[in-house]
Amino acid sequence: MSPDVMAIQSADAAGRSWTEVLHEWVTTVDHKRLGVLYILYALFFLVIGGIEATIIRIQLMRPHNDFVSPQVFNRMFTMHGTTMIFFVAMPVLFGFANYLVPLMIGARDMAFPRLNAFSFWLTAFGGVLLYFSLLGGSGLYGAGNAPDVGWWAYAPLTSRAFSPGHSSDYWTIALLASGFGSIGTAINIIATIISMRCPGMKLSRMPLLAWLNLVMSGMVLLAITPLSAAQLMLLVDRYLGGHFFDTQAGGSASLWMHFFWIFGHPEVYILILPCFAFMSEIIPVFSRKPIFGYPVMVGASVCIAFVSMSVWAHHMFTVGMGSYANSFFTITTLAVGVPTGIKIFNWIGTIWGGKIDFKVPMLFSLGFLIQFLIAGLTGVMLGSAAFASQLSLSYFVVAHFHYVIVGGILFALFGAFYYWYPKITGRMLNESLGKLHFWLFLIGFHLTFDLMHIPGLLGMPRRIYTYEPGRGWETLNLLVTIGTFVQGIATLVFVANLVISYFKGAKAGNDPWDAWTLEWSTSSPPPAYNFASIPTVASRRPLWDLKHPEDPDSRYE
Amino acid sequence: MSAITTSLAGTPAAWKLPYRGRVGMACLIIAESAIFTIFVVAYLFYVGKSLTGPTPREVLETPIFYTICLLSSSLTIHFAGKFLERGKRGAFLSLWLLTIVLGGLFMYGTGQEWHRLIYEHGLTISANLFGTTYYSLVGLHAFHVTAGLVMLSIVLIFGLAGRVGVEQSHRVDVLSLYWHFVDAVWVVVFTVVYVLGR
């Protein structure tokens, strides 16, 4: 940290009232502050979504439980799914992208700082609208409050006849608002990566994190927009008496399914690509080797993006699309496994023969690798139309996608938190609490989601609020619920670690992990302008070149 | 990109990246295209599926004059941009105004058509599937034309105040990119609604 940086920061911190600080944060257009806002906002909703999950699991703990009513149960799984996807996973990943992309490509901010703030606040108010439905959803009809149509809101559940009041409208408008926010951020990330790279940062030298966020943003442009279009149609149906999804007037319920899943399946890849990005940064640093097969990693990511745009109807094998459509979507779905497999092999290739450092970020990364592989294998099973016809709408499906989202995405995110927390706050997260968090979460995760496959195979349907005793589901469901509590405790350990380390953690310094990308070349936390002078790079690992002038990477490129 | 002019050791001689405004607008156009695609798919999927009348064959009249207006506005905005690049502000402003007039004429045509459909033929958005898909698709396009007209008018106001010069020409280019997109979408909507959909 250069002396002038120190002086500016200490002058900043001195003598401001909390209203001034609040005003600064609300009106900020700095990509780092917006990134932090995104992340904090997502963590807040993670707790809410987690509480909803816990309510669902308590209700299913034993047969004929009456912890909540069937109506409340429907609202809980709808709000849990919607919250976790749109107001936890998307914002937290956008938060990391916002924070890291400009730093990693040597830029001072995003391409459009004000659009960045606008997008964040759109997303934020989207979440507020969704939860305002608890107060305003009943409308004039005195109907139920929070949305209860499921996170995919199939027609005709959302028609006026079956969803009176305003709960579905809050759901629709919340998703529309946050969708426009996502599109704004995606445009911003792409423009930043294309137009703001520092001298020498060719596309072929860009960190994989930037590459994967570029691909992810491209997917957002093409995949979130169909959802926005479908939401507009739903609003036309509900407010203007339109007939898009009104089967009584010749409309089609399955058209909604198509439109929803044209969004819904690429969405999974929109969430997982940034997690691949975290892995591609963390695994090399903790294996002390450069990433194995950089160009292939980029190619595989683009390939995943392309193929994943044509797999959506594997969510609809039981709709009755006919054997040709089923075969087509089976083939494309299984094809996604190829580039994804390439990525897993490349991460293993990076670890192979490396000097592995089992710090917490690496532990979470290894957890990710193994769990994501298993999630991919059940995905291949469900991707086959014949198999999916047996297990569609069962707990096997629920177990599969939670394996992807918790075992894959959440583990990668925890890894990212431990890896970049020192950069964001200037202090290290506590290593022992981190290990406790990892092991507790690992045990809780496997207790919940490994066992959840079995009731599915035994025929337990998803979205039922209770079940009969004597079907062999009781013990398994009880253990699944216990696993949920273990995960909850582990998450509390994580939150405690975030708070304690912010005040008492060891000072991080600029580069605590001896890493190679540009964000570690500036101070922790970085100054508002990121870099005192814009850096110039000559290889994929600019900090390696700086630390090893006798043997720089640039010599081999 | 002015910060990059500081010469550093090993700086590539010419480090020039695309203008962020154009990249951003290109991305917006990609996203908007996806939205329009979904509405076009819905329109085509529901052609001939209405359970009651009126049908497109009975009530639609091809708006050839207003289509020519909108499409020629792409030419006027293009040449307006060219004139601005060369510093000819007067020619820029008059062509820019002409673009707004042509866009406004198109909107007037849409209004006329909707008035006729609603009051003479009783076709409203809730009448049947044709009404729902027709007003949604054409209305979505008309909304984009309106948004474009608002932005063009803002530039016109700044231009009349003498604030738009050569140095703004790359920004004006970004706006004309949007206007070309709106026109291109009309070609698709026209083909789908007035040619294929009847």
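Trainee: At what angle do the axes of helix α1 (residues 20-45) of chain B and helix α5 (residues 129-160) of chain B cross, and within what distance do they come?

Mentor: In this predicted model, where local features need pLDDT of at least 70, side-chain atom pairs count only at pLDDT 80 or more, and totals for chains, interfaces and linings use all residues, the two axes come within 10 Å and cross at roughly 155°. Residues are numbered from 1 along each chain as its sequence is written, while chains are lettered from A and ligands numbered from 1 in the order in which they are written.

Trainee: Why are α1(B) and α5(B) called roughly antiparallel?

Mentor: Angles run from 0 to 180 degrees between N-to-C directions, along lines fitted to C-alpha atoms over the stretch in contact, and those over 145 degrees count as roughly antiparallel. The crossing is at roughly 155°, and α1(B) and α5(B) are therefore roughly antiparallel to each other.

Trainee: Which residues make the contact of α1(B) with α5(B), and how do they divide by class?

Mentor: With contact meaning C-beta atoms, placed from the backbone, within 7 Å, α1(B) contributes B:Phe36, B:Phe39, B:Val40, B:Ala42 and B:Tyr43, and α5(B) contributes B:Thr133, B:Ser136, B:Leu137 and B:Leu140. By class there are 7 nonpolar, 2 polar and no charged residues, where Ala, Val, Leu, Ile, Met, Phe, Trp, Tyr, Cys and Pro count as nonpolar, Asp, Glu, Lys and Arg as charged, and the others, Gly among them, as polar.

Trainee: What makes helices α7 (residues 208-240) and α8 (residues 253-287) of chain A roughly antiparallel?

Mentor: Their axes come within 8 Å and cross at roughly 165°, and that angle makes α7(A) roughly antiparallel to α8(A). The residues of this contact divide into 24 nonpolar, 2 polar and 2 charged.

Trainee: How many residues does each chain give to the contact between chains A and B, and which element of chain A gives the most?

Mentor: Chain A gives 35 residues and chain B gives 33. On the side of chain A that touches chain B, α7(A) gives the most, with 10 residues, and the residues of that side divide into 23 nonpolar, 11 polar and 1 charged.

Trainee: How does the radius of gyration of chain B stand against what a compact globule of 198 residues would have?

Mentor: The globule would have a radius of gyration near 16 Å, but chain B has 21 Å, the value being taken over C-alpha atoms and the globule rule being 2.2 Å times the number of residues to the power 0.38. The C-alpha atoms of chain B fill a box of roughly 75 × 40 × 20 Å, taken along the principal axes, and buried residues make up 32% of the chain.

How values were computed: Buried ≥ 20, exposed ≤ 12 C-beta atoms within 10 Å, placed from the backbone. Helix = DSSP H or I, 4+ residues; strand = E, 2+ residues; numbered from the N terminus. Parallel < 35°, antiparallel > 145°, perpendicular 65-115°, else oblique. Contact = placed C-beta atoms within 7 Å.
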